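Please consult the sequence and the structure shown here while reading.

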Amino acid sequence: MCEYSNTRNKMSVLVVVLVLLTMYIVLSASFEIPDRYKKPAKMLHEICIAESGASEEQLRTCLDGTVPTAPAAKCYIHCLFDKIDVVDEATGRILLDRLLYIIPDDVKAAVDHLTRECSHIVTPDKCETAYETVKCYFNAHDEVIKFCHLLVLE
């Protein structure tokens, strides 16, 4: 197997783990991140930090309920969505409903709700689309603030 395929397979596993973790944390009652998910989440975080140029300080602003507004932070958000394969390549829209086949049943209604409320957002810039979509998520579902705990893993 070539190195690219091996890296791609590892990334696919990472993506599935992160998707499940994200949905669990964002839409369940638990703030605790199981240890087995911390390493893959940190790997994806580091990849998106490197790709976007966002700083930890920029990302920490979401802990107070504010979606980070720095251009690099917006691109970090896009990177996360892109890596979990929920960005429509043709339109740039964020389509969380692509995750319905792998997420737990108890969060499917919330994902449906977020998709209905926010998947219409498209701007000329992919990072701005991700940012505006996350702002919509924050307004549409009270529990989305838990997503920030993925951004500030220690």
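Is Tyr137 buried or exposed? In this predicted model, Tyr137 has a relative accessible area of 5%, so this residue is buried.

## Two helices in contact

Two packed helices are described by the angle between their axes and the distance between the axes. Helix α4 spans residues 71-83 and helix α6 spans residues 126-140; their axes come within 7 Å and cross at roughly 85°. Because of this angle, α4 is roughly perpendicular to α6.

On the α4 side, the residues in contact are Lys74, Cys75, Ile77, His78 and Phe81, and they meet Lys126, Cys127, Glu128, Ala130, Tyr131, Val134 and Tyr137 of α6.

## Rings and a charge

The structure holds one aromatic pair. The ring centres of Phe81 and Tyr137 are 6.2 Å apart and the ring planes stand at 85°, so the pair is edge-to-face. Since Phe81 belongs to helix α4 and Tyr137 to helix α6, the pair ties together parts that are 56 residues apart in sequence. Phe81 is buried, with a relative accessible area of 8%.

A charge also meets a ring: the charged end of Lys74 sits over the ring of Tyr131, 4.2 Å from the ring centre.

His141 is placed in the loop between α6 and α7, the latter covering residues 148-151. With a relative accessible area of 18%, His141 is buried, because buried means under 20%. The C-alpha atoms of His141 and Glu117 are separated by 9.6 Å, although these residues are 24 residues apart along the chain.

Methods
Residues numbered from 1 in each chain as written. Predicted model: local features only at pLDDT ≥ 70, side-chain atom pairs only at ≥ 80, totals over all residues. Heavy atoms only, no water. Axes fitted to C-alpha atoms, helices over the stretch in contact; angles between N-to-C directions. Helix = DSSP H or I, 4+ residues; strand = E, 2+ residues; numbered from the N terminus. Parallel < 35°, antiparallel > 145°, perpendicular 65-115°, else oblique. Contact = heavy atoms within 4.5 Å. Buried < 20%, exposed > 50% of the residue type's maximum accessible area, 1.4 Å probe, protein only. Phe/Tyr/Trp six-rings, centres within 6.5 Å; stacked < 30°, edge-to-face > 60°. Lys NZ or Arg CZ within 6 Å of the ring centre and 35° of its normal.
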